[in-house]
Amino acid sequence: MAERISEARQFSLPGAEEYAPPSLALPPLAQEHTPLSATHGGLFEQPCPTCSVLLRGTAQALNDHCWSCAGPVDATPPPTIPPHATEFDAVIPDPAWLRDKLEVVRRAYGLPALAAAVVLRGRVLAASAVGVRKLGDATVVGRDDCFQIGSIAKPMTATLVALMVDRGLISWDTTMASMFPELLADMQPAYRAVTVEQQLAHVSGMPFEPRTPEHVTDARASDPAGRRYEYTKAALRDTPVCPPGSRHVYSGGPVIVVSYLERLLGVPYEQLMADLVFKPLGMHAGFGSMSAQHRVDGPWEHAEAGGVLASVNPDPKFAHQARSPVGRNVHSSIVGMARFAAMHLDGAKGRSTFLTASSFRRLHNRVAGSSAGPGWCLDDASWPGRQVIWHNGSNGKNQAALTIGVERDFAVCVATNAGGQRAGDAVNEIQYFVGNALKT
């Protein structure tokens with residue numbers, strides 16, 4: 001389906017993953033015509049037969065469709081790519097204590113679907129999903145179904161950047177001036193010394209919305225990567241809201257950092273995420289709507305108006321968004337979210353080699369001028385205990401939360417395909433329930 005342009009799945013025992021850095025060494029732009037299949041086993045490059053854009057990465061990441069125009073691509077996965085994760089996800093327990101609580105809360109708040117997963121000591125302890133994919137339709141939701149995760153994409157994007165740091169392609173202290181020398185003439189002087197770390201932690205001083213409207217910057221390019229670069233140019237021209245590094249101002253920093261990596265590597269963000277984050281972690285995740293338009297082959301989003309939830313017909317165009325790196329259109333199954341949480345929990349406890357210890361420390365500690373780290377929200381102490389790493393997300397039609405309690409060595413992930421206050425309340429109730437259950 002065109003809506004699922006970048007799904008990647010892994011076949012591995014839950015909780016027993018070897019979190020080793022992916023071996024993929026992506027070539028710079030200067031080598032963009034070097035066949036990847038010749039030097040990067042399991043990868044390939046080929047032009048899209050519809051729009052001729054160069055497609056690069058794993059065949060499975062393309063999901064048989066071009067990331068740019070959504071046209072069909074003959075991309076048969078190579079035999080080295082493992083089968084669907086569902087076969088092993090099935091051995092993750094779906095306990096009655098979790099399923100029953102989800103159903104009680106789902107009914108109490110009138111939600112279409114509600115899902116949760118629990119991680120303990122780096123293992124996916126339990127996962128469950130209840131309800132239906134769409135209100136008014138009897139199709140039952142499954143644990144392998146995906147939910148929009150909103151801003152939880154930010155720590156995932158930061159994880160991708162950390163992988164690039166660990167490979168020496170960029171550093172946390174790389175500046176805008178060195179990343180975009182071609183834009184120096186129009187770049188605000190205050191932004192020239194802003195670093196990658198500051199962009200990811202929202203202390204760059206720039207606002208999220210440039211003065212140039214989104215529809216204008218989007219119209220200047222034909223694909224998401226090009227639109228991200230147009231966003232970058234517009235953002236770096238605008239006057240800072242405050243001096244960089246002085247305080248937290250929500251911004252599009254992740255979009256800017258990703259734009260640099262796309263131009264450096266010649267590979268779009270969607271494929272980088274699939275090849276280097278989703279697939280190695282065994283995540284069923286991707287971009288765009290979770291279902292085809294006018295069909296119920298995945299969860300539909302639901303918006304609340306006047307206290308009433310209404311389903312929103314999936315839009316194929318939702319797959320192609322410039323602002324994906326900050327969470328515009330990223331989706332994941334609840335087990336996929338749990339696998340991501342487990343990796344970061346293990347990293348915080350010194351058990352993971354997915355990233356270097358230095359990169360884990362960077363991601364899990366505050367940046368000067370902010371109460372947050374690069375990608376993550378951080379609390380010294382709250383309901384999960386001491387040292388809490390978390391993020392939530394919503395686009396108004398979905399709600400999701402991921403919380404890691406480092407001291408107590410657990411994590412909980414919750415998602416629903418509905419937006420609004422009651423969806424947020426339901427997600428919080430499940431989080432607190434799990435946190436209390438793990439105390440006993």
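Modeller: A definition before the strands: two strands pair if DSSP finds at least two bridges between them. Bear in mind also that this is a predicted model.

Colleague: Fine, then start at the end of the chain: how do E10 and E11 pair?

Modeller: Strand E10, residues 377–382, and strand E11, residues 385–393, pair in the antiparallel sense over 5 bridges. Within that pair, Cys377 stands opposite Trp390 in E11, and the two strands form a hairpin with 2 residues between them.

Colleague: And which sheet do they belong to, in what strand order?

Modeller: They belong to an open sheet of 6 strands, with antiparallel pairing, whose order is E4-E3-E13-E12-E11-E10. Strand E4 (123–131) and E10 stand at the edges with a single partner strand each, so one side of each is left without a neighbour in the sheet. From one strand to the next, the twist averages 15 degrees.

Colleague: What about E12 and E13, how many bridges there?

Modeller: Strand E12 (residues 399–405) and strand E13 (residues 410–416) are joined in the antiparallel sense over 7 bridges, and Gln399 stands opposite Thr416 in E13.

Colleague: Which helices lie across this sheet?

Modeller: One of them is helix H4 (residues 96–109), which lies across strand E3 (113–120) and E4 and runs at about 35 degrees to E4. Another is H12, which lies across E3, E4, E11, E12 and E13, running at about 155 degrees to E13.

Colleague: Staying with H12, at what angle does it pack against H5?

Modeller: Helix H5 (residues 153–166) and helix H12 (residues 334–348) pack at an angle of about 55 degrees, and their axes are 12 Å apart. That angle makes H5 oblique to H12, and the crossing is left-handed. The contact is made by Pro155, Met156 and Thr159 on the H5 side and by Phe340, Met343 and His344 on the H12 side. By class, these residues are 4 nonpolar and 2 polar, with no charged residues.

Colleague: H5 also touches H11, I think. Which residues make that contact?

Modeller: From H5 the contact takes Met156, Thr157, Leu160, Leu163 and Met164, and from H11 it takes Tyr269, Leu272, Met273, Leu276, Val277 and Phe278. These residues divide into 10 nonpolar and 1 polar, with no charged ones.

Colleague: And how are those two helices oriented?

Modeller: The axes of H5 and helix H11 (residues 269–281) come within 10 Å and cross at roughly 80 degrees; the two helices are therefore roughly perpendicular to each other. Met156 of H5 is listed in this contact and also in the contact with H12.

Colleague: How many bridges join E6 to E9?

Modeller: There are 3 bridges between E6 and strand E9 (residues 330–333), and the two strands run antiparallel. Gly286 stands opposite His331 in E9.

Colleague: Back to helices, then. How do H9 and H10 cross?

Modeller: The axes of helix H9 (residues 224–237) and helix H10 (residues 253–265) come within 9 Å and cross at roughly 125 degrees, which makes H9 oblique to H10. The crossing of these two helices is left-handed.

Colleague: Which residues meet there, and of what classes?

Modeller: Ala225, Arg228, Tyr229, Tyr231, Thr232 and Ala235 in H9 meet Val255, Ile256, Val258, Ser259, Glu262 and Arg263 in H10. The residues of this contact divide into 7 nonpolar, 2 polar and 3 charged.

Conventions. Residues numbered from 1 in each chain as written. Predicted model: local features only at pLDDT ≥ 70, side-chain atom pairs only at ≥ 80, totals over all residues. Heavy atoms only, no water. Axes fitted to C-alpha atoms, helices over the stretch in contact; angles between N-to-C directions. Helix = DSSP H or I, 4+ residues; strand = E, 2+ residues; numbered from the N terminus. Parallel < 35°, antiparallel > 145°, perpendicular 65-115°, else oblique. Left-handed = near helix turned anticlockwise from the far one by under 90°. Contact = heavy atoms within 4.5 Å. Nonpolar A, V, L, I, M, F, W, Y, C, P; charged D, E, K, R; others polar.
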